[in-house]
Amino acid sequence: MNSPANAPAPLPVEEERPLDVYPVVHESPIPAYLQVEQDLRRVILKERPTRIPAEVKLAELYGVSRVTVRQSLQRLATAGLIRREHGRGTCVVPQSHLSVDLGLLRSATVQLREQGYDPKVTIIEQLKSPPPADIAEALDISRRESAVKIVRLISVDGVPLSLITSWFRAKLVPGLEKAALTDRSVWTVLQNRYGITPMAVDKRIEVVESSAIEEKQLQSDFGTSLLKLVGVIHDDSGRPIEYSMSLWRPSHIRFSFSQAIE
């Protein structure tokens, strides 16, 4: 049967580009679906393909089942990074703003680098000190026990984005107060140097007004609204390893939240 003369021409399907992926490490404590999701995020934000392969091909590339791939793709779709289109497969949604996914167990600097940016880390404070009472409680240590405090400023293209203050149990990270951190994320140092893998995080978010000190460091107007994120990061045994408080300029960053599928 011939098609009507006024029928729209079928949409062309772009040629599929080969993806440079990292296969799943099955011995890792990080779930396979999360490894696939995070690696696809890296591919999407760094290589910027227009579409990604079908489930069966991704399962082959990553060495996992199609069920695992489907779970990963659903999380990416929920985060607005991909969409399914009839006749065109899985398409990548163009990203036009700096973006950080707070649901991922990945540092903000790593996520920004994967988007093609070159974040600069300026260490403002890095020392060993007794923590305040609320932070000692969050880290499950006594106030007499030392902690490592690190304050760093994250900038992109000369524009300050975030002021991050982190506290760590000193016994778990000996020497961290002297480690070079300007070109590496703190979590990378935790994993490579101390064998500590962040596995879970409890976060809360609120809007606050900048103080005079924060105004100077973030180059914002006094009283400007900032997003304040407070989180306690745990390792695979459930032990608290980091207390983090970060201030972000909402006009320069977009946040998303991935939700694990039980």
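Ala, Val, Leu, Ile, Met, Phe, Trp, Tyr, Cys and Pro count as nonpolar, Asp, Glu, Lys and Arg as charged, and the others, Gly among them, as polar. The model is predicted.

**Exercise 1.** State how the residues lining the largest cavity divide into nonpolar, polar and charged.

*Solution.* Begin with the cavity itself: the structure holds one of 30 Å³ or more. The space in the largest cavity is about 400 Å³. Its lining is made up of 29 residues, and those closest to the centre are Ser-107, Ala-108, Arg-152, Ile-164 and Ser-244. Sorted by class, the lining has 15 nonpolar, eight polar and six charged residues.

**Exercise 2.** Find which parts of the chain the salt bridge between Glu-37 and Arg-75 ties together.

*Solution.* The two side chains meet at 2.4 Å, N to O. Glu-37 belongs to helix 1 (residues 32-47) and Arg-75 to helix 3 (residues 66-78), so the pair ties together parts 38 residues apart in sequence. Both residues are buried.

**Exercise 3.** Decide whether Arg-239 and Asp-235 are buried, partly exposed or exposed.

*Solution.* The side chains of this pair form a salt bridge at 2.8 Å, N to O. Buried means under 20% relative accessible area, and exposed means over 50%. Asp-235 has 6% relative accessibility, so Asp-235 is buried. Arg-239 has a relative accessible area of 33%, so Arg-239 is partly exposed.

**Exercise 4.** Give the strand order of the open sheet of three strands and name its edge strands.

*Solution.* The order is 1-3-2, with antiparallel pairing. Strand 1 (51-52) and strand 2 (82-85) are the edges, each pairing on one side only. Two bridges join strand 1 to strand 3 (residues 89-92); Ile-52 has Thr-90 in strand 3 as its bridge partner.

Key:
Residues are numbered from 1 along each chain as its sequence is written. This is a predicted model: local features need pLDDT of at least 70, side-chain atom pairs count only at pLDDT 80 or more; totals for chains, interfaces and linings use all residues. Side-chain values use heavy atoms; hydrogens and water are left out. Two strands pair if DSSP finds at least two bridges between them. Helices (H or I, at least four residues) and strands (E, at least two) are DSSP runs, numbered from the N terminus. On a 1 Å grid over the protein atoms alone, a cavity is a set of points where a 1.4 Å probe fits but cannot get out, and a pocket is an open set with protein on both sides within 12 Å along at least five of seven lines; lining residues have an atom within 4 Å of a point. Grid points are joined across faces, edges and corners, and a volume is the space filled by probe spheres set on the points. A salt bridge is a side-chain nitrogen of Lys or Arg within 4 Å of a carboxyl oxygen of Asp or Glu. Buried means under 20% relative accessible area, exposed over 50%, partly exposed in between (1.4 Å probe, protein chains only).
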